[in-house]
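Colleague: Before I set up any calculations, please take me through this model and state the cut-offs as you go.

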Amino acid sequence: MKLFLDTANLAQIKKLNQMGVVDGVTTNPTLIAKEPGEFEEIVRAICREVKGDVSAEVVATDSDGMVAEGKRLSTIAPNVVVKVPMIPEGLRATKSLSVAGIRVNVTLVFSANQGLLAAKAGASFVSPFIGRLDDIGQRGMELVEDLVKIRDNYRLKAEVLVGSIRHPQHVLEAAKVGADIATMPPEVMEKMMHHPLTDAGLKRFLDDWEKAKKTRASGAV
Ligand code: E4P
């Protein structure tokens, strides 16, 4: 499974990328708005840092506008993926952009039917937002299960990119049901690294080592 970071913060991306665990990055207008600097410059810097796919979202809501923005974004770097919202105009834009050879990530997917349509329109990635579904009392992971099944039934080329991840359990469940990618805030990836027994185990190893060194130095062994 590929692990993406859902952030536009270059420092956090660099830190985790150095560990070799970052396959790509997703951004959205909310995440970009949190960072200083110009939109395209931020995306360019992320694309230089991360070799994998970097999603950058259009803000137009009409298909011609989305296509124009998408074409411009795609010139920033070869690893840019154009993110388009799952609205009827977004499907039209997805079709045009994919026919032009530009990879599209259809975002804000909240139902399996929306995902099926996005894949059919030519999306390379379909992004279900599971945390936001959980927030309104629905089971976000059920949507991921449905999309994975549909992808497999028809051998669709669209990858299931699980977004709106809130905790490590979401990542684990997405991996178990066969999602292609999980995109998560840096804090979630940090949490995935830790376990209290790892810390306690390491402390015991180091304490025992120190004790043994002292005993040996005193000539008791
Ligand atoms: C995915 O591509 C989106 O950027 C993201 O996962 C949205 O998550 P949120 O619900 O935490 O805003």
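Colleague: How many charged residues does the lining of the largest pocket have?
Modeller: This is a predicted model, in which local features need pLDDT of at least 70 and side-chain atom pairs count only at pLDDT 80 or more, while totals for chains, interfaces and linings use all residues. Residues are numbered from 1 along each chain as its sequence is written, and side-chain values use heavy atoms, without hydrogens or water. On a 1 Å grid over the protein atoms alone, a pocket is an open set of points with protein on both sides within 12 Å along at least five of seven lines, a cavity is a set where a 1.4 Å probe fits but cannot get out, and lining residues have an atom within 4 Å of a point. With Asp, Glu, Lys and Arg counted as charged, Ala, Val, Leu, Ile, Met, Phe, Trp, Tyr, Cys and Pro as nonpolar, and the others, Gly among them, as polar, the pocket lining has five nonpolar and eight polar residues, and the number of charged ones is five.

Colleague: What volume does the largest pocket have?
Modeller: Its lining comprises 18 residues, and those closest to its centre are Asp6, Asn28, Leu31, Arg132 and Ser164. Taken as the space filled by probe spheres set on the grid points, which are joined across faces, edges and corners, the volume of this pocket is about 270 Å³.

Colleague: How much space lies in the largest cavity?
Modeller: The structure holds one cavity of 30 Å³ or more. Among the residues lining the largest cavity are Leu116, Leu147, Ile150, Arg151 and Glu159, and the lining as a whole divides into nine nonpolar, one polar and two charged residues. The space inside is about 80 Å³.
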